[in-house]
Amino acid sequence: MIKEQFNNFINLTVGSSPTNSFRDLVQSEYAWKGGTCVQLDKLLRDIRDRIVAERLKFSNDNYIQALVDQKAVLEMSFASNSCSDKIETLRQKETGVLITKTSIEQEKKVLGSSKKEENIYIGVGALVLLVGLFIVLKK
């Protein structure tokens, strides 16, 4: 379905021309084969980077246009699959897990140091009590 939309889009904007070979090349290189939204997001990032690199190199305009058209198709897939929401949900879950792990580690550090401190106070208190008892019993 996505490939059909892309072909229709290209045929409307470009028609049948040497651009078709660029289109085929771009489709094979940047085709989304129905993976996860994270994979689609990475593919979109890669194609954006490629477009910028090709523009800086002053590459063939037809090739750049084929990249831009493929990016448009990928963005339609991104939007139609609600990938923004899915990626945001995934990030929130990962952030929650990270915060929980960090909180557990911090709690262990605090409890560990407070336990040592508590034992020191108990030891000093016991020593003071024994010295006081010794002084009282000596008299």
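This report describes the helices, salt bridges and surface of one predicted protein model.

Because the model is predicted, local features need pLDDT of at least 70 and side-chain atom pairs count only at pLDDT 80 or more, while totals for chains, interfaces and linings use all residues. Residues are numbered from 1 along each chain as its sequence is written, and side-chain values use heavy atoms, with hydrogens and water left out.

## Overall build

The protein has 5 helices and 0 strands. Helices (H or I, at least four residues) and strands (E, at least two) are DSSP runs, numbered from the N terminus. Along the sequence the pattern reads α-α-α-α-α.

The accessible surface of the protein comes to about 10,200 Å², and 61% of this belongs to carbon and sulfur atoms. Accessible areas come from the Shrake-Rupley method with a 1.4 Å probe, and for residues only the protein chains shown count as cover. Of the 139 residues, 22% count as buried. Here buried means under 20% relative accessible area, exposed means over 50%, and partly exposed lies in between (1.4 Å probe, protein chains only).

Contact means heavy atoms within 4.5 Å. Among contacts between residues at least 6 apart in sequence, 64% join residues at least 24 apart.

## Helices α3 and α5

Two packed helices are described by the angle between their axes and the distance between the axes. The axes of helix α3 (residues 37-56) and α5 come within 9 Å and cross at roughly 110°. α3 and α5 are therefore roughly perpendicular to each other. On the α3 side the contact is made by C37, V38, L40 and D41, and on the α5 side by C83, K86, I87, L90 and R91. The axes are lines fitted to C-alpha atoms, for helices over the stretch in contact, and angles run from 0 to 180 degrees between N-to-C directions. Angles under 35 degrees count as roughly parallel, over 145 as roughly antiparallel, 65 to 115 as roughly perpendicular and the rest as oblique.

S82 is found in the loop between α4 and α5. With a relative accessible area of 36%, S82 is partly exposed. The C-alpha atoms of S82 and C37 are separated by 8.5 Å, although the two residues are 45 residues apart along the chain.

## Salt bridges

The structure holds 6 salt bridges. A salt bridge is a side-chain nitrogen of Lys or Arg within 4 Å of a carboxyl oxygen of Asp or Glu.

| Salt bridge | N to O distance |
|---|---|
| R45 and D41 | 3.5 Å |
| R50 and E54 | 3.1 Å |
| K71 and E75 | 3.7 Å |

R45 and D41 both lie in helix α3, 4 residues apart, about one turn of the helix. R45 is partly exposed, its relative accessible area being 44%.

R50 and E54 are also both in helix α3, and again 4 residues, about one turn of the helix, lie between their positions. R50 is partly exposed at a relative accessible area of 25%, whereas E54 is buried at 6%.

K71 and E75 both belong to helix α4 (residues 61-80), where they are 4 residues apart, about one turn of the helix. K71 counts as partly exposed at 21% relative accessibility, and E75 is partly exposed with a relative accessible area of 31%. Salt bridges that share partners join R48, K71 and E75 into one network.

L43 and K71 are 28 residues apart in sequence and 9.0 Å apart in space, C-alpha to C-alpha. L43 counts as buried, at 14% relative accessibility.

## A nonpolar patch

L127, V131, F134 and I135 make a nonpolar surface patch of about 400 Å². Patches are made of residues with over 30% relative accessible area and no salt bridge: like charges are joined within 9 Å, and nonpolar side chains (Val, Leu, Ile, Met, Phe, Trp, Tyr) within 5 Å. V131 has its place in helix α5 (residues 83-138). At 43% relative accessibility, V131 counts as partly exposed.
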